[in-house]
Amino acid sequence: MSLYKRIPLIAKLIIAVTLGIVLGSTLPTSIIRVFVTFSSIFSAFLGFTIPLIIVGFIVPGISQVSNNAGKLLGLSTGVAYISTIIAGTFAFLSAQAVLPSILANATLQSFKNPEDLLLKPFIEFKMAPIFDVTTALIISFILGIGISATQSEGLKQGFADFGEIIEKLLATVIIPLLPFYILGVFMNITASGEVFKILKIFAMVFVIIIIMHVIIIIIQYFVAGTLNARNPFKMLVNILPAYMTAIGTQSSAATIPVTLRSTKKMGVDKNIANFTIPLFATIHLSGSTITLTTCASAVFWLQNGAAFPSAAVMIKFILLLGVTMVAAPGVPGGGVMAALGLLQSVLGFNEIMLSLMIALYITQDSFGTACNISGDGALSAIVDKLNKLFFKKDVEQNA
């Protein structure tokens, strides 16, 4: 087990997908159904925990951000949220423009009618969630804002402890079991004859996602450079060590020291950088938002016969995703785990589609993290400039 823990999650998923394809094409149906049964039970448990994940992360996220309220914190949080919304909107508009040519004539029957095409588990367990995703979001907003308004330290600490329980559940149970879940899903898809079509389609989508990551980073630094009258390309050169570190560590938190040093080299005030970089490492996930929005658009297209979600549906999805990303846990795959409820409730994704979203997201998580971290430097420069323009005089007068 200790050896298993030392293997990076992305490597585990690649092994799971590979084994799923090999075993799904060679093992008898009765054996495949054993793995399918595990995936079915795990999926039911995952569905049960989704509302708990939402409450466990969003309530502490809102109450802590609001409780520590100050002009700089409010400014930084607002900039991070706007950046995330812009990234999601950019991803959806780009998906609408590019994906039709990539996905032309592509359909996947396992997405549309999984109950007719896929193997069924031997045993099915029903684990009804305590409440649905919409209710979880409403409860989270009411409690988070209410705790902030009443300054209830008892409730704040209670939900912070609950959030730690949910994060430990993710880190010790759900995330470690994900490869076995993916293994069963891909064995089932392979047995249905759909797997190679899926891999071919999403290899091309993956390339599009990486290109969009690069574009959004350039846009962020162009804005930051313009506001601060600095060369954005020199700023980009300074952030490269952080980008490469994030790819290697797959962790925003582990990259903070390098990001902080790189951001200060850009000329950002050291006090601003010391505050914003650790904060943005937690609440700013523009790269993850691009990945989730693009993959969701592609999966939706395949499910609904060459049609994207309506503008109204995607606006709702992106706005809620922005809040969810702010509260996403800092573990590998945390972004997609927090977003599962939205994918299910807003876009109508089924079990197979959710499992594919998990595999796709974690496979590119290193690049998504690198995009998140790189953007943190640009946003810190933007906050530094806005702070000087609007708040510095107030601070000096109050000093």
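Angles under 35 degrees count as roughly parallel, over 145 as roughly antiparallel, 65 to 115 as roughly perpendicular, and the rest as oblique. The model is predicted, with local features needing pLDDT of at least 70 and side-chain atom pairs pLDDT 80 or more, while totals for chains, interfaces and linings use all residues. Residues are numbered from 1 along each chain as its sequence is written, and side-chain values use heavy atoms, without hydrogens and water.

**Exercise 1.** Determine how α4 and α12 are oriented to each other.

Solution. Step one: take the angle between helix α4 (residues 71-102) and helix α12 (residues 270-283), which is about 45 degrees, with the axes 11 Å apart. Axes are lines fitted to C-alpha atoms, for helices over the stretch in contact, and angles run from 0 to 180 degrees between N-to-C directions. Step two: apply the classes; α4 and α12 are therefore oblique to each other.

**Exercise 2.** Find the residues of α4 that meet α12, and class the contact.

Solution. Contact means heavy atoms within 4.5 Å. From α4 come Leu72, Leu73, Ser76, Thr77 and Ala80; their partners in α12 are Ile272, Phe275, Thr276, Leu279, Phe280 and Ile283. Ala, Val, Leu, Ile, Met, Phe, Trp, Tyr, Cys and Pro count as nonpolar, Asp, Glu, Lys and Arg as charged, and the others, Gly among them, as polar.

**Exercise 3.** Decide whether Thr135 is buried, partly exposed or exposed.

Solution. Thr135 lies in helix α7 (residues 133-150). Buried means under 20% relative accessible area, exposed over 50%, and partly exposed in between (1.4 Å probe, protein chains only). Thr135 has 31% relative accessibility, so Thr135 counts as partly exposed.

How values were computed:
Helices (H or I, at least four residues) and strands (E, at least two) are DSSP runs, numbered from the N terminus.
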